[in-house]
2 protein chains.
Amino acid sequence: FVADQFQAHVIWFGANPMLPGRRYILRTETDSVSATVTALKHQVNINSFAREAAKSLQMNEVGVCNISTQAPIAFDAYKDNRSTGNFILVDRATNATVGAGMIDFPLRRADNVHWQVTDVNKGARAATKSQRPGVLWFTGLSGSGKSTIANALDRLLHARGKHTYMLDGDNVRHGLNRDLGFTEADRVENIRRVAEVAKLMADAGLIVLVSLISPFRDERRMARELMEEDEFIEIFVDTPLDECARRDPKGLYEKAFAGKIANFTGVSSPYEVPESPELRLETVGHEPAALALKIEQFLERRMEEK
Amino acid sequence: FVADQFQAHVIWFGANPMLPGRRYILRTETDSVSATVTALKHQVNINSFAREAAKSLQMNEVGVCNISTQAPIAFDAYKDNRSTGNFILVDRATNATVGAGMIDFPLRRADNVHWQVTDVNKGARAATKSQRPGVLWFTGLSGSGKSTIANALDRLLHARGKHTYMLDGDNVRHGLNRDLGFTEADRVENIRRVAEVAKLMADAGLIVLVSLISPFRDERRMARELMEEDEFIEIFVDTPLDECARRDPKGLYEKAFAGKIANFTGVSSPYEVPESPELRLETVGHEPAALALKIEQFLERRMEEK
């Protein structure tokens, strides 16, 4: 078979759980590609062989997954050929082997879905607006000031005749991502969907402002890799945790410190600081309007570079 | 409790399976609201009480679900109060009772997600483009000509200086909806996500062209109800099945008739004809360009009405 989607049995070795939506490196005898578990169909109870519902796989657990690779790979079903029907999964950050898999069968869904070519393309749409489409990805702790700065920038760009859209992580949770909670697996899927929508909006010619805690490096990298070269602008809104907790605009830190909110970034869940964001904004001692202006100047230079 | 999301045990009575994402009427002792099962967490095996993975509930099956109601309702946990802790689910089309439920506990997710007010709103964005945002929803059989007509209209509107975007169902399946297949449950979720993205794009001031088979009345109604009044324009691309099969641009009907594609609309899965679309286009004997012009004239009248 040559395909980019298949079903497989996966045995998980990683210390961190296997999360659908997160990207891993998939290695077969002949190929090495970026791959995502698009669905964990069920976990297999290794004592009773019962099919149990699960959202992630912990160490030593076995699950049946749909896997999607970035490019098609050649393989056989494991039952037909053990050497061409197996693979390993490697963590992109640590390079550790985190899982092993046996391929069950290819999924044909992509076969019957042809890409519809649209005549009016991104260039044509962007040209009519004299702007360079892009995705401004604001990351930072809750209460760091992401939405406030994004809002100030939105006003500024709108006043200069740019066509923008603000995709706020909180707002999307009331619609598109209404079915998602705050577990690690759901947060990964939340970020994936927001990134895909931002990509569609950039394709529509817009300057998209995304305001999303997005605490994990891996998901921010996933979002970056979805976009075209130079289209993703990571803006790290750098506010110390104690300052965020002091501002606490939504009263969430107080609840989090009291143990009333699980998986709260910075308190009961980690925030991985961006290593090389396009912009890093220190908010302590700086007005949102001044920071917005700084971003606008960055965008103007970017426009000239083009 | 007063909440708009909770977990419940549901017993399904309906002849059609319970599908996450589809809307039902939820009735408690005191309330009657539109409700959606946002997630089927697992099915309960009624012999062994094991938690089994499932994507839908068939008749007489029991599942643990997250349910989201359109407005908050007052309730108790079933274990605390049997009369204020239960509800029934009613099919919106037939008015038949299709399920009964016992509430486990409220979900607090919405509590901690505040709506971020954005300063630049839809009106401001649309005003700068002298256009009325909207969602043109093309529905019809595979091969009916939806994408061809939408593409012709897209070119026409672009030439007149309108800012449009085409959301093609097939293309979205390569990105945002990559994790979804073609089962009924997955098709409902596919349409829900496309509708939510179309809503965001209309909110960005765009005229959005959605080309999607969308065979079920209920999902088209769901899409319509997501949008503002008069923002949803349903366009029924009316081509007889035998004509679609004769054109067969993607070679899919041949495969479907040979039984090689499951759940193929018009062959092995129903297409529910729109009852009162804003526009109905007969394609036999009419050129796509002429049909596109007809839509454009409809939009011009709509713009004047405003």
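Guide: Helices (H or I, at least four residues) and strands (E, at least two) are DSSP runs, numbered from the N terminus. The model is predicted, with local features needing pLDDT of at least 70, side-chain atom pairs counting only at pLDDT 80 or more, and totals for chains, interfaces and linings using all residues. Residues are numbered from 1 along each chain as its sequence is written, chains are lettered from A, and side-chain values use heavy atoms, without hydrogens and water.

Visitor: How many helices and strands in chain A?
Guide: Chain A has 8 helices and 12 strands.

Visitor: And what is its radius of gyration?
Guide: Chain A has 21 Å, taken over C-alpha atoms. That agrees with a compact globule of 306 residues, which would be near 19 Å; the rule is 2.2 Å times the number of residues to the power 0.38. The C-alpha trace spans about 65 × 55 × 35 Å along the principal axes of chain A.

Visitor: What share of chain A is buried?
Guide: Buried residues are 58% of the 306. Buried means under 20% relative accessible area, exposed over 50%, and partly exposed in between, with a 1.4 Å probe and protein chains only.

Visitor: Where is A:E304, and is it buried or exposed?
Guide: A:E304 lies in helix 8 of chain A, residues 288-305. A:E304 is exposed, at 63% relative accessible area.

Visitor: Switching to A:F232, where is that?
Guide: A:F232 is in strand 11 of chain A, residues 232-238, and counts as buried at 3% relative accessibility. A:K199 is 33 residues away in sequence and 9.5 Å away in space, C-alpha to C-alpha.

Visitor: Now chain B. What is phi of B:S214?
Guide: About 35 degrees, positive although B:S214 is not a glycine. B:S214 sits in the loop between strand 10 (207-211) and helix 5 (217-226) of chain B, and is buried at 2% relative accessible area.

Visitor: And phi of B:D230?
Guide: Near 70 degrees, again a positive value in a residue other than glycine. B:D230 is in the loop between helix 5 and strand 11 (232-238) of chain B. At 52% relative accessibility, B:D230 counts as exposed.
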